[in-house]
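Hello,

Here is the structure I promised to pass on. Please have a look at it first, then read my notes below.

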Amino acid sequence: MKIKYKKIGVFTSGGDSPGMNAAIRAVVRTAMNYGITVYGIERGYEGLIDNKIVELKSKDVSGIIQRGGTFLGSARSQRFRTAEGREIAYKNVINKGIEGIVAIGGDGTFTGASIFHKEFKFPIIGLPGTIDNDISGTDITIGYDTALNTVIEAIDKIKDTAGSHNRLFFVEVMGRDAGFIALNAGIATGAEDILIPETVTYMDDLIITLRENKRKGKTSAIIIVAEGDDMGGAYEVAAKVKEIDNSYSTRVSVLGHMQRGGSPSATDRVLASVLGYEAVTALIKGYQCHMVGQIDKKIVYTPLEDAIKTPTQIDKSKLKIARFLSV
Ligand code: F6P
């Protein structure tokens, strides 16, 4: 294989997710195997603008496959949204002799990447790294599996205390625009109801579900609320329920950023390693502005714009399954 690249860069951007370190490691080691020098860019687009770009050697990525977070740091860059910011970033990249970049992140990262490619014709390959799982062109995103398991572990514990005190718990999980974590954590923990941004939430339905549960003898309940649900977050939903029916001993638990941390699961480590390898291979093959994902165990290249433009399909029929199984 003829390799035109001599130097490439890698960064992580947006909300961090478990497995990002494993992906960086895979990019660095794959590139080095092909004789390509790799530069790590700190804090995503911020580091591109501030010229925080350092060469990474194999030993720099040893011992990180099991670590959560991202050792390169991450950020949501406002400056990269401006033409001036992108101009500076481009100059820094060219001065370093970098000819292509692997960008690991979610929708914001890919939006920036595709604008950068359009403006400068600069090759940039995206890897889906977000706990939200809201990216098209891959079955799952790097970090989603770990986050889901973290949430399940937390809800299992909440269930214990909910049962002991006969309480109704509203548990808020992450997902500004997507309900993947809420839906699948709900099924996996047997939650009494699951409220997600992809469907309209009706208070009447929720009240019926709660009363039905009570009638059948259930003394406690877990309602999972994705943070982006149309009725609001867990505190708002709990308050609205209380206005209608004050008979419950209610508590709210917002799981927050613990969902983004922690050692990546086996699934995320393997996915990140394979996609990291494939990202470098994609650059070498000549892909210019694509995301590398995996669908049905096959590597798939999706134009960056499509990965974020096409709405990700959540399987709404699973809500029905969840309801059938929890009552
Ligand atoms: O992008 C992932 C995500 O976890 C969203 O679900 C959440 O809304 C957001 O990040 C919060 O991110 P931050 O607090 O870092 O702005």
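The C-alpha centres of domain 1 and domain 2 lie 34 Å apart. Keep in mind that this is a predicted model.

Where do the domains run? Domain 1 covers 7-143 + 264-309. Domain 2 covers 146-260. In the contact, domain 1 contributes 13 residues and domain 2 contributes 10 residues.

Next, the interface. About 970 Å² is buried between domain 1 and domain 2. Carbon and sulfur atoms give 48% of that area. Three residues stand out on the domain 1 side: Asp-16, Ile-131 and Asp-132. They supply 46% of the area that domain 1 buries against domain 2, more than any other three residues.

How many salt bridges are there between domain 1 and domain 2? The count is one. Asp-16 and Arg-260 form a salt bridge through their side chains, at 2.8 Å from N to O.

Now the ligand. Which residues are around it? They are Arg-76, Ile-131, Asp-132, Met-174, Gly-175, Arg-176, Glu-227, His-257 and Arg-260. Note some names from the interface: Ile-131 and Asp-132 are among the three residues that supply 46% of domain 1's buried area, and Arg-260 is in the salt bridge with Asp-16.

Some distances to look at:

- Arg-76 has a polar side-chain atom 2.8 Å from an oxygen atom of the ligand.
- Asp-132 also places a polar side-chain atom 2.8 Å from a ligand oxygen atom.
- Gly-175 uses its backbone: a polar atom there is 3.2 Å from an oxygen atom of the ligand.

How much of the ligand does the protein bury? Alone, the ligand exposes 400 Å². The protein buries 78% of that.

Best wishes

How values were computed: Residues numbered from 1 in each chain as written. Predicted model: local features only at pLDDT ≥ 70, side-chain atom pairs only at ≥ 80, totals over all residues. Heavy atoms only, no water. Domains from an automatic or database assignment. Contact = heavy atoms within 4.5 Å. Buried area = accessible area lost by both parts, 1.4 Å probe. Salt bridge = Lys/Arg side-chain N within 4 Å of Asp/Glu carboxyl O. Near = heavy atom within 4 Å. Polar contact = N/O pair within 3.5 Å; in protein donor to acceptor, adjacent residues only side chain to side chain. Areas by Shrake-Rupley, 256 points an atom, 1.4 Å probe, with all protein chains shown as cover.
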